[in-house]
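Hi everyone, thanks for coming. Let me bring the model up on the screen, and then we'll walk through it together.

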Amino acid sequence: MAPPDPPSPRAWWKSAVIYQIYPSSFFDSNGDGIGDLNGIHAKLDYLKDLGVDILWLSPIYRSPQVDMGYDISDYRDIDPKYGTLDDWDHLLQGIHQRGMKLMMDLVVNHTSDEHEWFIHSRSSKENPKRDWYFWRPGKQVDGKQLPPNNWKSVFQGSAWDLDENTGEYYLHLYVSKQPDLNWDNPVVRDAVWDVMRFWINRGCDGFRMDVINIVSKTEGLPNAPVVDDTQYYQPASMYFANGPHVHEYIKEMHEKVLSHHDLITVGETPFTHDASVLAAYVLPQNKELNMVFNFELMDIDSPDHSPLVRKAWTLAELKDVVTRWQQYKRDEGYWHTVFIENHDHARSVSRFGNDSEQWRAISAKMLCILEVTQTGTLYVYQGQELGLKNFPRSWGLEEYKDVATLNYYNLIKAQRQKTKGKEDVDMSDLLDNFQQKARDHSRTPMQWDSSPSGGFTTGTPWMRVNDDYAKWNAAAQAGDADSVHAFWKHAIEVRKQHDVLIYGSFELRVPDHEEIFAYTRSLGESGAIVVLNFGVNTVELDPAGLGGIEGYRLILGNYGADREDSGGKLILRGYEGRVYIK
């Protein structure tokens, strides 16, 4: 009997497992200390064996590497540290030969200031490419020259830099070497479509689109409201996120490029938690993108003022976010992204699990169950399948490489020096927060084996390898049936065997329980029950609260087949997770 249809049609990109690779830190094939394309090729069998369908590469284009490749100086070439276009072709061939696909990172809100477009644009006010970027004169306030408005860069300081050559400022929402493209100029949009066609024609299977919701700025670029009176520059996302023409431009992208190919598309949409705003990019009738990354879950442990500071989160908050998005506009075809790690966030076992020696593997497997049992396309970040954790608090600031981390540290240090009136100020609380929240934790080199540098390189790694590599590595886990890696491999198999986990409806159970996250999934005659203990304590649970478990069989559990249930009750040990299917 054919399986029942979900409300919106099945698709290859919906049931796919996507593995994100941070190329600098994946595998170094030539001993220069930096991961590369040939290194990725060397590990394709490892990825295929895990159950991966699509590889997503963070940016590998030619770049000065001010923001780890998100500052692109040539969209049609590979950065020499990663290899060549021939290496890319060779990698793509290896991926396709194994029945997998390749998704590229499309970074087109901004370029590098070393891109030839910007070099032309800044050369004179009369250059034909002048209006490919945002150029504005400064303003005089109390006899002092200030930028055109008070917008704050995402990476601190003004979002404007003065170009001495023409006496005007250019807009950069990120670092000063990342000038924003002016998408209001149709010639710029055509140039972006050409870049996309270049990679599609070369064989790429889709795109992850970096900060795609900020390509349309509010006309007139007005001053942002003052929400932080300690500084002149203010957060201005209300004037650049989800701007006035963003849907017009993405619809044009769809019409001119995407609709001509069978691609996977996912948009990164920061500064946005409003469901209806995100849905506009995704609902099939809108003809824009397959899905977008919704960061609400990733933000539950961040205060409003910085993602680099830790705020205590509650299970109630996590349940609320997951449940709302699992149920959101399912009947209208909204499609979700399922992820709990990426290159912009610390490790999930350290944030949402328990990375102590006793609980690390168990809680990493529990989080795996959370991921594989949700509706949406599943994203796994390199090392997540090994239970890799944050590096230790003993590491000093010199080990942090990320521009966001360093800029924030310098900003807070300068504020404290000014307030205290002395150079030597205590910054230990910030380092405590960085140990839990910095993006750097996801960027340490991949731990392949117990040899020096974790087998990542025969040279000196560009970034220090986490101290635990001798024990926590892929080679050690490959031969261990009880490892986090073995569990992920099995869990992905279970997901692919049961459509109800990918396409079924979602219902929260025992909603007020402070330690248990439980939900049921259903699709036609198929049903699933998922029970997750988010704490170290053993918890007793009445199956009636789950709708009963008669007729269900246990198909996945992070304590194996071993159960301690008694008296008709489920007894869930610390961080225990189970999946029942009928």
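How many Å separate the centres of domain 1 and domain 3, taken over C-alpha atoms? The answer is 27 Å. Before going on, a word on the source: this is a predicted model, where local features need pLDDT of at least 70 and side-chain atom pairs count only at pLDDT 80 or more, while totals for chains, interfaces and linings use all residues. Residues are numbered from 1 along each chain as its sequence is written, and side-chain values use heavy atoms, with hydrogens and water left out.

The protein is split into four pieces: domain 1 (17–109 + 185–390 + 441–490), domain 2 (116–171), domain 3 (398–435) and domain 4 (504–581). Those bounds come from an automatic or database domain assignment.

Now, the meeting of domain 1 and domain 3. Here 15 residues of domain 1 contact 13 residues of domain 3, contact meaning heavy atoms within 4.5 Å. About 1,100 Å² is buried between these two domains, and carbon and sulfur atoms give 51% of that; buried area is the accessible area (1.4 Å probe) that two parts lose on being put together, summed over both. On the domain 1 side, L308, H441 and R464 supply 41% of the area buried against domain 3, more than any other three residues.

What about charges? Two salt bridges are counted between domain 1 and domain 3, each being a side-chain nitrogen of Lys or Arg within 4 Å of a carboxyl oxygen of Asp or Glu. R443 pairs with D402 in a salt bridge, with the closest N and O atoms 3.4 Å apart.

Stepping back, the salt bridge count comes to 43 by this rule. One of them joins D45 and R98, whose closest N and O atoms are 2.7 Å apart. D45 sits in helix α3 (residues 44–50) and R98 in the loop between α4 (85–97) and β5 (101–106), so this pair ties together parts 53 residues apart in sequence. Helices here (H or I, at least four residues) and strands (E, at least two) are DSSP runs, numbered from the N terminus.
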